[in-house]
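Subject: Handover of a structure for your study

Dear colleague,

Please find below the structure that I am passing on to you, together with its sequence. My notes follow directly after it.

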Amino acid sequence: MSGEPYARTRLLMFWFLAAVVGLVALGALALLGWTLRAVLPMTA
Amino acid sequence: MDDILPLIALGAVVVLEVAVVFVAFWLLLAAVPLALVGFVAMFLGTYLHQVRQTMVISPPAARHQPPREPAAGEQPAYRQYFFSQGWADLEQSVGAAAGRCQVLTVQLTNRIVKSCFRGDAAWLVWPFGIVGVAGVGVGATGGAVALLVAVAVHAVLVGVAHVICWCGIALLRLIDTALLRLRGIRMTCGACHHRVPYPAYECPGPGCTLRHTDVRPGRYGVFRRFCACGTGMPTLLLLGSHRLRAFCVYCGEPLVSETGTAPEVMLPLFGATTAGKTRLMLTLVRAVSDLSAAASAGFEFADAETERRYRELLPALEPGRQTRQTVVGQMPRAYSVYVAPPAAVRRLVHVFDVAGERFVRRQRTEELRYLALARLYLFVLDPLSIEPFWRHLPEVHRARLASFRAVQPPEGLFVQTCEQMQMMGARTRRSRLAVAVSKHDLVCHLPPFAGAASDSAALERCLVRDLQLGNLVRTMRREFREVRFFATAAMLDREGGVDASVVALGRWLLDGEGLAMRETA
């Protein structure tokens, strides 16, 4: 088998990174939402 | 009335301005969180886009290009991704993403400044400009933090993968070494006789002849490595490197096929010049082949070179023909065969045949490293070189046999070689010794050999009592764990079968190495 030696590792790494960053972003968004939900009733 | 109109207009403007500021203030409360979320999404999206560009769409060339003529410590292979390229890709992705995010932020700010702080309506919409700038400021800050977090996650992933690779390397090497030890597998070069810690392998790529001197897991690959030509190859015997062409790391000569898959048996032949070593070696290989066939065991030449030399020498075994004298100058190359009895582990048997002159001078014997590695030895004793036997031969027989007689007397040669082997590190006291009293076809009808070749004990008695070789036999018994005597006639019969004496010798040699051959019906 010959070809670009890093192709498979790079592809795996990209999707893994995208999944981790996506999860972190979703987590942050959920945290923000939870904070706003907790804070907004107090300011009303 | 004219004085009031400007005041009314001014009042209206003030009211409008206040209303705009009021709206802008409330807009600010909504715009800042929205801008924050938007910028975070934009920065993360930009980063992932750049990572995709770098890693999938248009990957850059490898940072460390593999050398085609590697210096010491280098290999003609690409470094493993997480040992080099992973960090280069990270740097490139971060640089490109940071630049892109900066450009987007500046463009957005310029657009807000242009539309809210310049132009005819600036006096009215400037509060919205402040809201926009504040949103951009807060969003860009949040986005930068998110970008930093993403970069940190990326760096941690590469770092963790790097550490996992090191652990994998250590674990794989450990497992491979342990398995080789457990299976008793060692690798010896048949040409230079060095123990090879791990073979060098030639790239299996079409047209590529690059040699990898150390393929084991390391910075060039954990499970596989990629040659400079781009061809992948396994990094361990455990992972299939035995299928590649292997070479000795010391002399560069090819090793046997499937090196490292079977435990080795080393069988050095030693004895005087023209004692009949080559002839005996050939018939012995033939006998092992025949025994294997009769026992439905596997037998194959371990390399093409062994097969070629064997086929070349084989005609010399035909009745009436003699083998050529072995060349002194060359280092002896092993005759290597794989033997696989049905109920035992396959073994690689190296038979070393060397010119007798090598055992006369110590310096020449020292070069034969295999002597120190073997646990099984075959001493070829020419009965014609035993002085009392030769002296008592009738003149007619002496004239007939003179050309077959070995040059050196057996006692001196054996003792000197044995001492030399021990000095080289051979553990003879843990080894077995087969003594082949050769040329039995020539002396079997002559006293004292007539009737003395029936078994080992009879032959030993004959050597000690009749031929005054008591000292030699006692030395053999003292220096070796087990000694067995055989009277051998290294010849083929008319049907091409090996003489029974050599078959018996072959059977004894194989039995002691766990390669017992039981004939199948």
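This is a predicted model: local features need pLDDT of at least 70, side-chain atom pairs count only at pLDDT 80 or more; totals for chains, interfaces and linings use all residues.

Glu307(B) and Arg311(B) are four residues apart in helix 5 (residues 304–313) of chain B, so about one helical turn separates them. Helices here are DSSP runs of H or I with at least four residues, strands are runs of E with at least two, and both are numbered from the N terminus. The side chains of Glu307(B) and Arg311(B) meet in a salt bridge, with 3.2 Å from N to O. A salt bridge is counted when a side-chain nitrogen of Lys or Arg is within 4 Å of a carboxyl oxygen of Asp or Glu. Glu307(B) has a relative accessible area of 32% and is partly exposed, and Arg311(B), at 45%, is partly exposed as well.

Residues are numbered from 1 along each chain as its sequence is written, chains are lettered from A and ligands numbered from 1 in the order in which they are written, and side-chain values use heavy atoms, with hydrogens and water left out.

Further salt bridges

Helix 5 of chain B holds another such pair: Glu312(B) and Arg308(B) are four residues apart, and therefore separated by about one helical turn. Their side chains form a salt bridge at 2.8 Å, N to O. Glu312(B) is partly exposed at 46% relative accessibility, and Arg308(B) is partly exposed at 42%. Both residues belong to a network of salt bridges that links Glu305(B), Arg308(B), Arg309(B) and Glu312(B).

The closest N and O atoms of Asp382(B) and Lys439(B) are 2.9 Å apart. Asp382(B) is buried at 1% relative accessibility, and Lys439(B) is buried at 11%. Over all chains, the structure holds 21 salt bridges.

The interface of the two chains

In chain A, 20 residues are in contact with 30 residues of chain B, where contact means heavy atoms within 4.5 Å. The size of an interface is often given as the accessible area lost when the parts come together. Chain A and chain B bury about 2200 Å² between them, 81% of it on carbon and sulfur atoms; this buried area is the accessible area (1.4 Å probe) that the two parts lose on being put together, summed over both. Tyr6(A), Arg10(A) and Met13(A) supply 32% of the area that chain A buries against chain B, more than any other three residues.

The rule finds one salt bridge across this interface. Arg10(A) forms a salt bridge with Asp89(B), and their closest N and O atoms are 2.7 Å apart.

The nonpolar cores

A nonpolar core is a set of buried Ala, Val, Leu, Ile, Met, Phe, Trp, Tyr and Cys residues joined through side-chain atoms within 4.5 Å. The largest one has 86 residues, of which Leu378(B) and Leu433(B) touch the most other members. Helix 4 (residues 277–294) of chain B gives this core its largest share, eight residues. Another core, of 55 residues, lies apart from it and includes Met13(A), Leu90(B), Cys116(B) and Met233(B).

Backbone details

Most residues other than glycine have a negative phi, and most peptide bonds are trans. His193(B), which is not a glycine, has a positive phi of about 70°. His193(B) sits in the loop between helix 3 (122–182) and strand 1 (200–202) of chain B and is buried, with a relative accessible area of 1%. Gln468(B) also has a positive phi, near 55°, but Gln468(B) is exposed at 54% relative accessibility. The peptide bond from Pro447(B) to Pro448(B) is cis, with omega near 5°.

With kind regards

Technical notes:
Buried means under 20% relative accessible area, exposed over 50%, partly exposed in between (1.4 Å probe, protein chains only).
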